[in-house]
Amino acid sequence: MIQKRVGKGDAEAKHFLGNKYYFGHLGLAKDVPLAIELWMEAAELRSLDAYYQLGVVYYTGDDGVAEDKPRGIHHWQQAAMKGHARSRHDLGDVEYENGNHKLAVQHWIISAKMGHEVSLSGIKEMFKQGHATKEQYAEALLGYRDAAEEMTSPQRKEAKRLGV
């Protein structure tokens, strides 16, 4: 079924199959080059998760992929500009590691407003360290709260209660 969707150019199916080849799941032999090829095709079809995965493997140089931090950052930027919260968060991590606290806070505020809790925690720590203002922390906190409320539904609450 997945192969059929991949054959029809379904971006999410290509991303999904790329993940299975990357990790060697579903009885597939681990094939990192094929996973990257599938993620590239999915990214061309606008899969934000595929852009994110490409960013991770190139930035970290995992599993025999040559480390290429600029290329990884480029993929994260592509996803972040289209609304991918985790890519935006990871761009903030890069800026934090490089000592660019102001840019890190800006990335994390955007990500927190999309409901990314780890970004909110990052801003909280930056506030404690004196690298973020009270206003920035408040903006992130309110944005995160609003995003969390938007994602709340009776069905999600029930699923959470059931441990799904």
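Start by selecting Tyr 22 and Trp 39: both are buried (under 20% relative accessible area with a 1.4 Å probe, protein chains only; exposed is over 50%, partly exposed in between). This is a predicted model, so local features need pLDDT of at least 70 and side-chain atom pairs 80 or more, while totals for chains, interfaces and linings use all residues. Residues are numbered from 1 along each chain as its sequence is written, and side-chain values use heavy atoms, leaving out hydrogens and water.

Searching the whole structure turns up 6 aromatic pairs (Phe, Tyr or six-membered Trp ring centres within 6.5 Å; planes under 30 degrees apart are stacked, over 60 edge-to-face, the rest tilted). Tyr 22 and Trp 39 make a tilted one, at 5.2 Å centre to centre and 40° between planes. Tyr 22 is in helix α2 (residues 11-23) and Trp 39 in helix α3 (residues 32-44), so the pair ties together parts 17 residues apart in sequence. Helices here are DSSP runs of H or I, at least four residues, numbered from the N terminus.

Now show Lys 30: its charged end sits over the Tyr 22 ring, 5.6 Å from the centre (NZ of Lys or CZ of Arg within 6 Å of the ring centre and within 35 degrees of the ring normal). Arg 71 does this over Tyr 58, at 4.2 Å.

Last stop: Ser 111, in helix α7 (residues 101-113). Ser 111 counts as buried because its relative accessibility is 0%. Leaving out residues up to four places away in sequence, Ser 111 touches Ala 85, Arg 88, His 89, His 116 and Ser 119 (heavy atoms within 4.5 Å).

Terms used
Helix = DSSP H or I, 4+ residues; strand = E, 2+ residues; numbered from the N terminus.
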